[in-house]
Amino acid sequence: MLTLAEYKVGLRDHIDQMVVDEFRRNSELLDMLLFEPSVAANGSGSTLSHGYTRLKTPSGAGTRAINSDYTANDAVREEMLTHLVIMGGLFEIDRVIAQTSGVNDEVQFQLRDKIKATANYFHYLAVNGVETKDSATGTYTQFNGLSKLLEGADTEKTSTVNVSAWTDEKTEAFALIDEVEEMIASMLAKPNALLMNRQMKVKFASAARRAGYLTRAESAFGTPVDAYNGIKLLDMGEYYDKTANTSKFAIPTTAGKTDIFAVNFDRDGFVGLTTQGGSSLIVSRLPDFSRPEAVQKGSVEMTAGVALKNTKKAAVLRGVQISAT
């Protein structure tokens, strides 16, 4: 297991190190996530699959009477299979633009924006991804995210509160917090973070403030991060949907309702996956203006997936009403 901070240490090129730090700055989720570098290409190398065993129901314990035996109660495991996704993109810079704007300025601008886009798309897949395979190439373009992985789990809860308007501030604030606490109580341990969209974060932070439970944490770069009783509140941001030509919340609000996810970033909880050795986790390539072509390309690429090793190490509160529509 390694974090992005640990991954950066093994990189020799200062540009590569800068790129990793930009991912960390743009994503508190990626900065906190543990990555398991264990996935190898199978067959022809086109399928980056990973099988793991997930604990679905833990074993129970109890007492027994004299001259009687315990009632058998076994831990239930299930075999899971997931696939890595290669995500990122290209950017192009004309040498004249590079020369007139300053090579470093234009390259840095395009590079940082591509890093942000890639991090935001990872957010979308990590929460709402549904495994998708391209029938023509056999390549997986999405992996199952938390929403799919938690379907039918004991830690999947449904909200009944409406915080679209504060008609009775304390009553509604405590009702929302009670539901979040019930979700957290269904987990094995206190989560490291609550994942939500920007609209939900505004409402939940407001509820936590009214109840006196809003605290303040810091990112690895000293940026203030709102927290609920020490649990970081992470805005999953927006990703740009190129097909629809619009930005969308990584965790959507549909008909005025949205979800809150709680996660443990333990090695036996919610983890990231990447290739063996980690060499393909984050790769960047800068434009080479020594070449004769007028337009040069640069790229940012990330090869990753997620796994939920124990369904009791993550939870979801579905359908919190935060707006009328």
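Three elements, strand S4 (85–94), helix H5 (103–128) and strand S12 (238–241), each supply at least two residues of the lining of the largest pocket. Helices (H or I, at least four residues) and strands (E, at least two) are DSSP runs numbered from the N terminus. Please keep in mind that this is a predicted model, where local features need pLDDT of at least 70, side-chain atom pairs count only at pLDDT 80 or more, and totals for chains, interfaces and linings use all residues. Residues are numbered from 1 along each chain as its sequence is written, and side-chain values use heavy atoms, with hydrogens and water left out.

H5 gives the most to the lining of the largest pocket, with six residues.

| Pocket | Volume | Lining | Nearest the centre |
|---|---|---|---|
| Largest | about 520 Å³ | 18 residues | Ala117, Tyr121, Tyr239, Tyr240 and Lys242 |

On a 1 Å grid over the protein atoms alone, a pocket is an open set of points where a 1.4 Å probe fits, with protein on both sides within 12 Å along at least five of seven lines; lining residues have an atom within 4 Å of a point. A volume is the space filled by probe spheres set on the points, which are joined across faces, edges and corners.

Now to the sheet. Seven strands form an open, mixed sheet in the order S7-S18-S14-S8-S11-S10-S9, where two strands pair if DSSP finds at least two bridges between them. Strands S7 (156–158) and S9 (214–218) stand at the edges with a single partner strand each, so one side of each is left without a neighbour in the sheet. Within the sheet, S8 (residues 193–196) and S14 (residues 257–263) run antiparallel, joined by three bridges.
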